[in-house]
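User: I'd like to learn how to read a fold like this one. Could you walk me through it, feature by feature?

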Amino acid sequence: MEDVDIIYHNNTGISFKWKSGIANSNEKRVQLVFKDMGFYLSPEEVNMFSKNIRMAKNSAGNCSHCPHSELCERNILLKSPLQKMDFVVNAFELNEICDLVEGTIFKMELHNYVEFVSKN
């Protein structure tokens with residue numbers, strides 16, 4: 001893990017940036033890894049993914065009142081930030097992915113604030 005700068009992690013996944021000097025890496029992109037999937041995203045795509053997660057949570061509104069919603073099989077369509085890729089998750093997985101993405105966005109914005117805005 002010495003080649004990466006960890007941004008955020010939870011029980012489901014991790015987000016990080018590859019350190020500069022690593023072949024084929026882009027220091028502006030974020031690697032999001034959860035379950036058996038990895039996404040190499042720009043900050044804009046991470047924000048788009050967050051919006052997609054919120055839409056999926058809204059569309060799963062009926063599940064939020066069900067006491068068994070976290071135990072259900074995968075039943076929620078989640079659009080990835082990649083145009084031709086979507087996947088299906090259950091309510092628990094959606095909440096964990098939401099935490100991972102929102103935590104990543106928070107840490108990236110905090111880093112930008114500390115590095116650039118607060119110095120002025």
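**Reading the model**

Analyst: Let's start with a loop: Glu27 lies in the one between strand S2 (13-18) and S3, where strands (E, at least two residues) and helices (H or I, at least four) are DSSP runs numbered from the N terminus. This is a predicted model, so local features need pLDDT of at least 70 and side-chain atom pairs count only at pLDDT 80 or more, while totals for chains, interfaces and linings use all residues. Residues are numbered from 1 along each chain as its sequence is written, and side-chain values use heavy atoms, leaving out hydrogens and water.

User: Is Glu27 buried or exposed?

Analyst: Buried means under 20% relative accessible area, exposed over 50%, and partly exposed in between, with a 1.4 Å probe and protein chains only. Glu27 has 53%, so it counts as exposed. Contact means heavy atoms within 4.5 Å; setting aside neighbours within four places in sequence, Glu27 contacts Lys17 and Ser20.

User: And how do I read the sheet? In what order do the strands run?

Analyst: Strands of a sheet pair through backbone hydrogen bonds, either parallel or antiparallel. Pairing here takes at least two DSSP bridges between two strands. The 4 strands make an open antiparallel sheet, ordered S1-S2-S3-S4. Strand S1 (4-9) and S4 are the edges, each pairing on one side only. S2 and S3 share 4 bridges in the antiparallel sense, and Ile14 has Val33 in S3 as its bridge partner. H3 packs on this sheet, touching S1, S2 and S3, and its direction makes about 125 degrees with that of S1 (axes are lines fitted to C-alpha atoms, for helices over the stretch in contact; angles run from 0 to 180 degrees between N-to-C directions).

User: Which residues have the most contacts inside the largest nonpolar core?

Analyst: In soluble globular proteins, nonpolar side chains tend to be buried together. A nonpolar core is a set of buried Ala, Val, Leu, Ile, Met, Phe, Trp, Tyr and Cys residues joined through side-chain atoms within 4.5 Å. The largest has 24 residues, and Phe34, Phe49, Ile53, Leu78, Phe87, Ile97 and Val101 have the most contacts inside it. H3 gives the largest share, 8 residues.

User: What about Glu96?

Analyst: Glu96 sits in helix H3. It is buried but has no salt bridge, meaning a side-chain nitrogen of Lys or Arg within 4 Å of a carboxyl oxygen of Asp or Glu. Lys57, the nearest side chain of opposite charge, is 9.8 Å away.

Methods. Lys and Arg count as positive and Asp and Glu as negative; His and the chain ends are not counted.
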